[in-house]
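Thanks for coming. I will take this one piece at a time, so please keep the picture in view while I talk.

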Amino acid sequence: MLRRSLRIPAAGVAYLVTAAVSSSAVAYRPEEFADIGVTRTAPAGPTAAPALVIAHRGASRYAPENTLAAVDAAHRRGLLWVENDVQRTKDGRLVVVHDTTLERTTNAATVFPGRAPWRVGDFTAAEIARLDAGSWFGARFAGERVPTLDAYLRRLERNGQRLLLEIKAPGRYPGIEAGVVRELRARGWLDSAHVRSRLVIQSFSVACVKTVHALLPQVRTGILGAPAVADLARYARFTDQINPRLSEASSRWLAAVHRLRGAHGRPLEVYAWDVAKNTKRRSVRARGIEGVIE
């Protein structure tokens with residue numbers, strides 16, 4: 001099923017770099033995409049294939065979000081792509097957690113009762129490693145931990161999965177973009193195979209996405225949200241996806257997005273989030289939306 005769904009928008013590949021980039025950038029020839037079943041974007045309409053499903057925070061309907069258990073739950077369900085959220089600890093380690101505070105998805109308030117509001121950036125990696133990140137979801141997940149990005153990448157690699165990485169609240173963590181780059185490089189995720197078909201980096205922060213593109217011009221990026229149509233052409237210079245809340249993706253806005261080509265020369269793509277459980281994936285694709293993050 002997943003192989004059938006893979007086309008350039010779904011594969012999250014880095015497309016041919018048509019603009020001049022730094023000497024450290026990797027340029028890819030179109031024929032290099034032949035091994036991943038690439039086709040042009042399928043036409044929208046009643047016969048469109050279903051939208052690609054990306055596991056939001058892992059398979060977060062079946063396991064505690066952003067944990068290794070959620071990665072494995074996505075893998076068991078045949079979901080090739082996983083989305084996560086990356087933040088930075090007090091001592092500079094990168095961890096995978098959604099909220100900028102730890103209270104909702106861990107027992108931080110019990111373990112560290114005097115440290116409200118339990119901001120991620122106020123705790124060391126060793127302190128966060130002590131927390132239970134699974135019991136809130138269900139007793140059988142008791143003892144599940146907040147993973148480091150390093151551990152998360154290792155699990156994805158073991159499972160053969162792909163990553164839509166969100167840099168969360170970058171304004172709280174100056175320089176986090178460079179830290180993410182270092183971690184990805186250390187784990188082997190910036191080689192040609194990963195860049196070509198297994199990695200996209202996104203953020204709500206336009207400045208963050210622009211920084212990532214400057215650091216890694218060969219890697220595909222996405223801007224979260226629904227920017228004004230007037231801003232799209234400027235953003236297309238350094239991004240490949242515009243990823244809105246599904247309710248914000250009007251037909252007029254989608255048409256404006258798809259008229260533009262992104263940083264790697266292909267039409268901008270749309271991966272929508274905040275999608276109701278009973279939403280028909282084929283109907284979403286028929287609207288011109290390449291995938292859903294759910």
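Trp136, Phe137 and Phe141 form one aromatic cluster. Rings of Phe, Tyr and Trp, the last by its six-membered ring, are paired here if their centres lie within 6.5 Å; planes under 30 degrees apart count as stacked, over 60 as edge-to-face and the rest as tilted.

Before going further, a word on the source: this is a predicted model, where local features need pLDDT of at least 70 and side-chain atom pairs count only at pLDDT 80 or more, while totals for chains, interfaces and linings use all residues. Residues are numbered from 1 along each chain as its sequence is written, and side-chain values use heavy atoms, with hydrogens and water left out.

Back to the rings. By the pairing rule there are 5 aromatic pairs. One of them is Trp136 with Phe137, edge-to-face, at 5.6 Å centre to centre and 80° between the planes. Buried means under 20% relative accessible area, exposed over 50%, and partly exposed in between, with a 1.4 Å probe and protein chains only. Trp136 is partly exposed because its relative accessibility is 37%, and Phe137 is partly exposed at 29%.

Another pair is Tyr235 with Phe238: the ring centres are 6.1 Å apart and the planes are at 55°, so this pair is tilted.

Arg115 lies over the face of Phe123, 4.0 Å from the ring centre. Arg198 lies over the face of Trp189, at 4.9 Å.

Next, the strands. Helices (H or I, at least four residues) and strands (E, at least two) are DSSP runs, numbered from the N terminus. The protein has 12 helices and 9 strands. Take strand S6, residues 220-224: 5 of its 5 residues are buried, so S6 is largely enclosed by the rest of the structure. In a regular strand the side chains alternate between the two faces of the sheet. In S6, Arg220, Gly222 and Leu224 point one way, Thr221 and Ile223 point the other way, and all are buried.

What does S6 pair with? Two strands pair if DSSP finds at least two bridges between them. Strand S5, residues 199-203, runs parallel to S6 and is joined to it by 4 bridges, with Val200 opposite Arg220. Strand S7, residues 241-243, is also parallel to S6, with 3 bridges, and Ile223 has Ile242 as its bridge partner there.

The chain crosses from S6 to S7 through helix H10, residues 229-235, in a right-handed β-α-β crossover. Right-handed means that, with the strands pointing away from the viewer, the path from the first strand over the helix to the second runs clockwise. S5, helix H9 (residues 206-215) and S6 also make a right-handed β-α-β unit.

Last, helix H3, residues 68-76. Here 7 of the 9 residues are buried, so H3 is largely enclosed by the rest of the structure. The buried ones include Leu68, Val71 and Asp72. Their cover includes strand S2 (81-88) and helix H6 (149-159). Just after H3, Gly78 takes a positive phi of about 75°.

For the whole protein, buried residues make up 56% of the 294 residues.

Conventions
Lys NZ or Arg CZ within 6 Å of the ring centre and 35° of its normal. Contact = heavy atoms within 4.5 Å.
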